[in-house]
Amino acid sequence: MTTLAIGFVLIALLVGLVLLGLQIAYALFAVGFLGIWIIRGNIDLAFRMMELTAYSGIADYLFATIPLFVLMGLLVSVSNVGRDTFEVAEELLRRVLCGLGVATVAANTIFAAVTGVSIASAAVFTRVAVPEMTRHGYRPAFAAGTVAGSSVLGMLIPPSLLLIIYGVLAEVSIGGMFIAGLIPGMLLAIGFVAMLMGISVLFPGFVYTDPQAARVKRLDRSGPKMSAATMLGKLIPIILLVFLVLGGLYSGFFTPTEAGGIGAFGALIIALWRRSLGGGRMWQVMKQTGAISVAILVLLIAASYYSRMLSIAGLPNAIADLVRAGGFSPLGFLMFYSVIILLMGMILDSTSILLIMVPIAAPIAQGLGIDLSHFGIITVLAVEIGLLTPPFGISVFTVHNTLDDPNVTVEQIFAATLPFIGVMLLVLLVVALVPSTATALL
């Protein structure tokens with residue numbers, strides 16, 4: 001068997017192990033070790049490379065961004081900043097078509113700029129937005145689907161853990177990836193808003209339990225109003241945090257790691273000011289930060305080891321030659337690659353897809369002249385869609401598990417997210433056809 005054939009068999013083995021339930025880090029280590037041993041015929045070399053990878057894989061100062069941004073996101077979540085952001089958006093957008101749906105997207109967009117984790121957004125806004133939308137006559141399944149669909153903004157609007165992981169795997173600037181995600185993230189948010197308004201006009205029964213009563217309630221201008229001072233007070237913490245982190249990052253005043261540290265400190269001040277860390281919550285935040293960060297860093301070490309095995313097997317170069325021989329243009333390769341990612345998203349989580357595919361695909365994309373920042377945004381967009389597609393759909397399951405309504409089934413939430421998937425596919429196509437949407441600000 002040739003080295004190339006061994007490489008393909010090992011990739012199939014990796015996917016099989018993950019599907020059988022083996023944790024992705026163990027699967028990557030096992031396949032990498034087995035591959036180096038078989039290809040080189042030297043088990044001592046496989047052990048030595050594992051030792052070197054464990055030391056050098058995360059030794060760079062840049063990797064401190066991961067625990068810092070995780071800590072910032074958790075502190076923001078525990079401080080009820082998400083709830084306040086939604087309440088202000090609700091007040092401002094209540095009389096807009098599908099106003100509370102638009103408010104959920106707007107609040108998620110702002111919340112994404114400081115958390116970077118879709119699951120956090122899904123959990124927070126399920127508790128905050130779904131009860132409020134249901135109370136105003138929205139169908140519970142539609143409300144849950146809106147939260148699940150808009151939660152994916154956390155993975156594209158910077159800072160984003162997926163963008164950080166991609167930057168590490170593809171060896172591109174994390175700060176550059178954050179900048180590249182701005183325009184596509186805004187396109188996605190605007191697309192969600194336009195879609196929600198359109199559906200509320202064309203298919204009101206999909207949105208409201210009683211469309212006529214909901215329309216009357218939307219146009220009713222009576223009732224208590226939130227004062228401008230109250231709204232400003234609720235928004236000041238998150239506005240300052242976004243300005244501090246993203247302003248410093250995009251102006252070049254902070255490196256990504258420094259921005260993470262400053263953001264975490266700012267989030268800590270907000271949490272202390274709001275007295276949100278009592279009752280053992282500070283310990284819970286620190287414990288969760290450690291658990292999430294260590295899990296991600298171990299995954300990155302495993303991915304680096306797996307990537308070295310692929311290089312030894314010559315797999316990226318061999319696949320690149322096959323792509324060129326097949327007559328794929330850069331756009332054709334992007335479309336083919338996106339379809340593979342979308343299919344993998346139905347059965348694997350987002351981090352696993354990145355760890356398996358980026359070490360193979362990034363060198364091929366670079367060889368075809370595709371900008372790796374542009375390629376990264378396409379990758380993350382395609383991976384995000386997997387957060388909403390069955391049978392995996394982790395954002396949908398997060399919303400369902402957090403939702404306190406036995407009458408709303410997982411299947412109903414999946415159905416309610418279909419319009420969001422349509423918008424994401426459209427934005428994915430636009431970004432693939434117009435690279436400047438990702439590279440214009442770089």
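Hi everyone, and thanks for having me. First, the ground rules. Because the model is predicted, local features need pLDDT of at least 70 and side-chain atom pairs count only at pLDDT 80 or more, while totals for chains, interfaces and linings use all residues. Residues are numbered from 1 along each chain as its sequence is written, and side-chain values use heavy atoms, with hydrogens and water left out.

Let's start with helices. When I say helix, I mean a DSSP run of H or I with at least four residues, numbered from the N terminus; strands would be E runs of at least two. Two packed helices are described by the angle between their axes and the distance between the axes. My pair is α1, residues 3-19, and α16, residues 281-313: their axes come within 9 Å and cross at roughly 155 degrees. The axes here are lines fitted to C-alpha atoms over the stretch in contact, with angles running from 0 to 180 degrees between N-to-C directions. That crossing makes α1 roughly antiparallel to α16, since angles over 145 degrees count as roughly antiparallel, under 35 as roughly parallel, 65 to 115 as roughly perpendicular and the rest as oblique.

Which residues make the contact? On α1 they are Thr-3, Leu-4, Gly-7, Leu-10, Ile-11 and Leu-14, and on α16 they are Tyr-306, Met-309, Leu-310, Ile-312 and Ala-313. Contact means heavy atoms within 4.5 Å. Sorted by type, these residues are nine nonpolar, two polar and no charged. For that sorting, Ala, Val, Leu, Ile, Met, Phe, Trp, Tyr, Cys and Pro are nonpolar, Asp, Glu, Lys and Arg are charged, and the others, Gly among them, are polar.

In soluble globular proteins, nonpolar side chains tend to be buried together. In this model the largest nonpolar core has 159 residues, and Leu-188, Phe-192, Leu-300, Tyr-306, Phe-333, Phe-375 and Ile-377 touch the most other members. Its largest share, 14 residues, comes from α16. A core here is a set of buried Ala, Val, Leu, Ile, Met, Phe, Trp, Tyr and Cys residues joined through side-chain atoms within 4.5 Å. Buried means under 20% relative accessible area, exposed means over 50%, and partly exposed is in between, with a 1.4 Å probe and protein chains only.

Take Phe-375: setting aside residues up to four places away in sequence, Phe-375 touches Tyr-166, Phe-333, Leu-334, Tyr-337, Ala-361, Ala-362, Ala-365 and Ile-370. Leu-334 turns up again around Ala-432, whose contacts, on that sequence cut-off, are Leu-331, Leu-334, Met-335, His-374 and Ile-378. Ala-432 lies in α22, residues 410-433, and counts as buried at 7% relative accessibility. Between Ala-432 and Leu-331 there are 101 residues in sequence but 7.2 Å in space, C-alpha to C-alpha.

On to charges. How many salt bridges are there? The count is five, taking a side-chain nitrogen of Lys or Arg within 4 Å of a carboxyl oxygen of Asp or Glu. Asp-84 pairs with Arg-83 at 3.6 Å, N to O, and also with Lys-234 at 3.5 Å, N to O. Glu-87 is partly exposed at 25%, as is Arg-83 at 36%. Through shared partners, Arg-83, Asp-84, Glu-87, Lys-234 and Arg-274 join into one network.

Last, the backbone. Most residues other than glycine have a negative phi, and most peptide bonds are trans. Where is the cis bond that joins two prolines? Look between Pro-158 and Pro-159, where omega is about -5 degrees; Pro-159 sits in the loop between α8 (140-151) and α9 (161-170). Asn-80, in the loop between α4 and α5, has a positive phi near 60 degrees and is partly exposed at 33%. Cys-98 has a positive phi of about 50 degrees; Cys-98 lies in the loop between α5 and α6 (99-115) and is buried, at 0%.

That's my tour, and I'm happy to take questions.
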